[in-house]
Amino acid sequence: MSLGAGLVLANNTSTPDYNNLTVALVRSAPVNWPSPILNKNWIGVSLDLDATVNYGVELIGEAASRGANLVVFPETWFPG
């Protein structure tokens with residue numbers, strides 16, 4: 001049974017089989033993130049939450065299409 005975004009359920013049950021967990025770790029920077037962080041003047045930098053969320057959704061979709069069923073973002077990846 002397929003539920004979109006690459007999620008396939010074993011034995012047509014309503015719960016995914018997580019005995020074989022595939023994890024994707026996000027290592028790219030959020031939208032408008034100044035790099036390198038210590039050499040950047042932060043005056044005038046505008047972190048865009050909407051664009052970062054959209055980019056995060058794209059990364060989740062790509063990870064799911066490659067078989068990941070858990071996507072991990074760094075703690076401060078989404079600007080608040």
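Reader: Which residues on the other side of helix 1 are exposed?

Author: A word on the model first. It is predicted, so local features need pLDDT of at least 70 and side-chain atom pairs count only at pLDDT 80 or more, while totals for chains, interfaces and linings use all residues. Residues are numbered from 1 along each chain as its sequence is written, and side-chain values use heavy atoms, with hydrogens and water left out. Now your residues: Asp50, Val57, Glu58 and Ser65 are exposed there. Exposed means over 50% relative accessible area, buried under 20%, and partly exposed in between (1.4 Å probe, protein chains only).

Reader: And which residues of helix 1 are buried?

Author: Thr52, Gly56, Leu59, Ala63 and Ala64.

Reader: What covers the buried residues of helix 1?

Author: The cover includes strand 1 (23–25) and strand 2 (70–72). A contact here means heavy atoms within 4.5 Å. Helices (H or I, at least four residues) and strands (E, at least two) are DSSP runs, numbered from the N terminus. The chain has one helix and two strands, running β-α-β from the N terminus on.

Reader: How many Å should helix 1 span?

Author: The expected span is 1.5 Å times one less than the number of residues. For the 17 residues of helix 1 (residues 49–65) that gives 24 Å, and the end C-alpha atoms are 24 Å apart, which agrees.

Reader: What happens at the start of helix 1, and what just after it?

Author: At the start, a side-chain oxygen of Asp48 comes to within 3.2 Å of the backbone nitrogen of Asp50. Just after the helix, Gly67 has a positive phi of about 100°.

Reader: How is a pair of aromatic rings described?

Author: By the distance of the centres and the angle of the planes. Rings of Phe, Tyr and Trp (its six-membered ring) pair if their centres lie within 6.5 Å; planes under 30 degrees apart are stacked, over 60 edge-to-face, and the rest tilted. Searching the whole structure turns up four aromatic pairs. Take Phe73 and Phe78: their ring centres are 5.1 Å apart and the planes sit at 50°, so this pair is tilted. Ring pairs also link Tyr55, Phe73, Trp77 and Phe78 into a cluster.

Reader: What is the relative accessible area of Phe78?

Author: Phe78 comes out at 36%, partly exposed. Across the chain, buried residues make up 18% of the 80 residues.

Methods:
Polar contact = N/O pair within 3.5 Å; in protein donor to acceptor, adjacent residues only side chain to side chain.
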